[in-house]
Amino acid sequence: MTFAEIQNLLGLISDPVEKLEMVMDFGKNLEKVPDSAVCSEIVGCSSFVEICRDGNRFYGRADSSIVRGIVAIIVSMVDGKTALEIKNMDLLSEFQSLNLNLGAGRLNGLNSMIRFLQNL
C-alpha cells in the first residue's frame, strides 16, 4: 500500500481509536522481509523494530501490533526512494499529517526510525 493510499484511508476516519485500529491493520499486511535484505534494529524504540533494505525497497518488522502498523506507514513513505531522496524528505511532518494519537514512547520510537532513515 502506498503512503497516499494510507493518507486517504486514514483521512476518512475521525475517531482516534478507529484510526489506531486501522494502523494495526496496516501492520498485518507488512510484506515479508526477503533473505537478501539487510536489516537494522532501531535503537530508541521500546518495542523490537527492524527496518530492512534491499536496494531501494524497504521492509520492516516489529513485535507489537501498533508499532508494526507504524513501521508499515514509515516503510510506505520511503519505499522505492534513494538515500538522498529520503534525506531530503520531511518524514516527521508527513507522518504527523495523519493525525494519529500516539503516546510519548511511540513518538520516541518514530523519531528513532526517522533518524535512522535520514542517515542511510
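**Cavity, helices, pocket**

I began with the largest cavity, where α6 gives the largest share of the lining, 5 residues. Helices here are DSSP runs of H or I with at least four residues, strands are runs of E with at least two, and both are numbered from the N terminus. A note on the source: this is a predicted model, where local features need pLDDT of at least 70, side-chain atom pairs count only at pLDDT 80 or more, and totals for chains, interfaces and linings use all residues. Residues are numbered from 1 along each chain as its sequence is written, and side-chain values use heavy atoms, with hydrogens and water left out.

Next I asked what a cavity is: on a 1 Å grid over the protein atoms alone, it is a set of points where a 1.4 Å probe fits but cannot get out, while a pocket is an open set with protein on both sides within 12 Å along at least five of seven lines; lining residues have an atom within 4 Å of a point. I found 1 cavity of 30 Å³ or more, and the largest cavity holds about 60 Å³. Volumes are the space filled by probe spheres set on the points, which are joined across faces, edges and corners. Its lining includes Cys-45, Val-67, Ile-70, Arg-106 and Met-113, and α3 and α6 (104-118) each supply at least two lining residues.

Then I turned to α3, which has 14 residues. Val-67 and Ile-70 are among the buried residues of α3. After α3 comes Gly-80, with a positive phi near 90°.

I looked up the largest pocket too: about 290 Å³ of space, lined by 14 residues, with Met-1, Asn-29, Ala-72, Val-75 and Ser-76 nearest its centre. The elements giving two or more residues to this lining are β3 (57-62) and α3.

Last entry: which residues of α2 are buried? I listed Lys-19, Val-23, Phe-26 and Gly-27. Down the axis of α2 they fall within an arc of 100° (taken from the directions from the helix axis to the C-beta atoms), so they line one face. They pack against α1 (3-11) and α3 (65-78), contact being heavy atoms within 4.5 Å. On the face of α2 turned away from its buried side I found exposed Val-17 and Lys-28.

Key. Buried means under 20% relative accessible area, exposed over 50%, partly exposed in between (1.4 Å probe, protein chains only). The expected span of a helix is 1.5 Å times one less than its number of residues.
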